[in-house]
Amino acid sequence: MRGLTALALVVVAYTLVASKLDRWWITGAMVFVAAGATLGPGGLDVLPFSLANETVLTITELTLALLLFSDASTVRLQAVEGDAGLPRRLLFVGLPLTVTAGALLARLMFPEVGWAAAALIATILAPTDVALGLAVVTNKAVPARIRRALNVESGLNDGIATPLVTLFIAMVAAEEDLGDTAWGLEAVKQIGLAIVAAVVVGYLGGKLLALADERGWTSAVSEQIAILALGLLAYQGAVMAGGNGFIAAFAGGILFGAATRQRLAESVQFTETLGLSGSFVVWSIFGALFVGELLTRGLSAQPVIYALLSLTVIRMVPVAVALIGTQLRPATVAFMGWFGPRGLASVVFTLLALEEIERSGGGSMLVETVTWTILLSVVLHGISASPLAARYGASIARAGTVPETAPAVEPQIRLHDLAGRHGPQGQQARVPT
């Protein structure tokens, strides 16, 4: 209880000075990772967190599930008519190229882990979290269409990556169990059952809630509770049926948004807020279980090198390829390539992988590599977001009329969004609806 009390005090202290810390380029993710590392087993050892603790795994998984459901239910590519090409390029060209390049690099640097584990490392680190670079989506000097493209990419790529994570986890588990040859069928089964749960809960639940709303049977509070319950039900229903809960939550959110035509977007904020509250704990878990241990043992050069390449070349080159033909300035391509932070989804995917893979050999290398990448991202993207956004915005202002400044609807940033999306520092500016 001492550890939880100390963590609660950190939460209170942070909320009192969040805006001040932001001006000093100190993000919420930095604060809670540091708190976890200090209070965890590698520090004061007062936090009751361990990889064997089912409560820890439940908190992390439900946090991502709620955020996947709420993000997917409100982010609409069709709402950025005329600009949808940028996020589509990032999601359907940049993301696959990032996974491919990351897997090739991992296989080259860690030949002992095998192709499946190399692909798993790359996929875990592919999703971005704009949470760690808040200034990029709040600084209006950055063109609206650039902010929106990065925002939509961040909101959707973790859900798109989830089936691949599921597939590669099954492949790695099969490699460890040489007698298991049904990994493909198992992965397909998990994905299929997840889609069924998404349709039943997300679409049918959304239709029922929309009908009740139209007839005046609901209240503002009951709608908020209903959406939360649907998000949890999509996840847990899929898990109980043997499917993948994250895929169900993401697909369920998309179908819920379609069924309700985004008319209940404001009520989704309650679910987002609970997801935010869980993210405080998840970052602390990451600090306690991964960062604290990492910093108390000998430094291995390979994971650090991979982490640096993952944050730069492995992300920036695919983005540059994806943006060929858009006529965006080189500075813009570099800016969008750099701001691909690795955040909450990567943390949860790592914990999910460790549930299925023995923490030895390749598993240990996976944890060390992913931890260094996320940790460096938290620090480097956190401290660089504000100054680079200001500098980039100033360069665009001097450039005059360029494709980046083409007419675009401003992304709507609600008061709720200033409190956070995938992390504590305000992290998901909304796509216009």
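The legends below describe close-up views of a predicted model.

**Figure 1. Salt bridge between arginine 315 and glutamate 153**. Side chains of opposite charge can pair when their charged atoms come close. A search of the whole structure finds two salt bridges, and one of them joins arginine 315 to glutamate 153, with 2.7 Å between the closest N and O atoms. Arginine 315 belongs to helix H13 (residues 313–322) and glutamate 153 to helix H7 (residues 144–176). The two residues are 162 residues apart, and the pair links distant parts of the chain. Arginine 315 and glutamate 153 are both buried.

**Figure 2. Salt bridge between arginine 263 and glutamate 214**. Here the side chains meet at 2.9 Å, N to O. Glutamate 214 is exposed, because its relative accessible area of 55% is over the 50% cut-off.

**Figure 3. Aromatic pair of tyrosine 14 and phenylalanine 280**. A pair of aromatic rings is described by the distance of the centres and the angle of the planes. The whole structure contains 12 aromatic pairs. For tyrosine 14 and phenylalanine 280, the ring centres are 6.4 Å apart and the planes stand at 70°, so the pair is edge-to-face. Tyrosine 14 lies in helix H1 (residues 2–23) and phenylalanine 280 in helix H11, 266 residues apart, and their pair links distant parts of the chain. Both tyrosine 14 and phenylalanine 280 are buried.

**Figure 4. Aromatic cluster of Phe335, Trp338, Phe339 and Tyr392**. One aromatic cluster is formed by these four residues.

**Figure 5. Crossing of helices H4 and H12**. Two packed helices are described by the angle between their axes and the distance between the axes. The axes of helix H4 (residues 85–109) and helix H12 (residues 301–311) come within 11 Å and cross at roughly 160°. An angle over 145 degrees counts as roughly antiparallel, and H4 and H12 are therefore roughly antiparallel to each other. The crossing of H4 and H12 is right-handed. On the H4 side, the contact is made by Gly102, Leu105, Ala106 and Met109. Gln302, Ile305, Tyr306 and Leu309 make the contact on the H12 side.

How values were computed: Residues numbered from 1 in each chain as written. Predicted model: local features only at pLDDT ≥ 70, side-chain atom pairs only at ≥ 80, totals over all residues. Heavy atoms only, no water. Salt bridge = Lys/Arg side-chain N within 4 Å of Asp/Glu carboxyl O. Helix = DSSP H or I, 4+ residues; strand = E, 2+ residues; numbered from the N terminus. Buried < 20%, exposed > 50% of the residue type's maximum accessible area, 1.4 Å probe, protein only. Phe/Tyr/Trp six-rings, centres within 6.5 Å; stacked < 30°, edge-to-face > 60°. Axes fitted to C-alpha atoms, helices over the stretch in contact; angles between N-to-C directions. Parallel < 35°, antiparallel > 145°, perpendicular 65-115°, else oblique. Left-handed = near helix turned anticlockwise from the far one by under 90°. Contact = heavy atoms within 4.5 Å.
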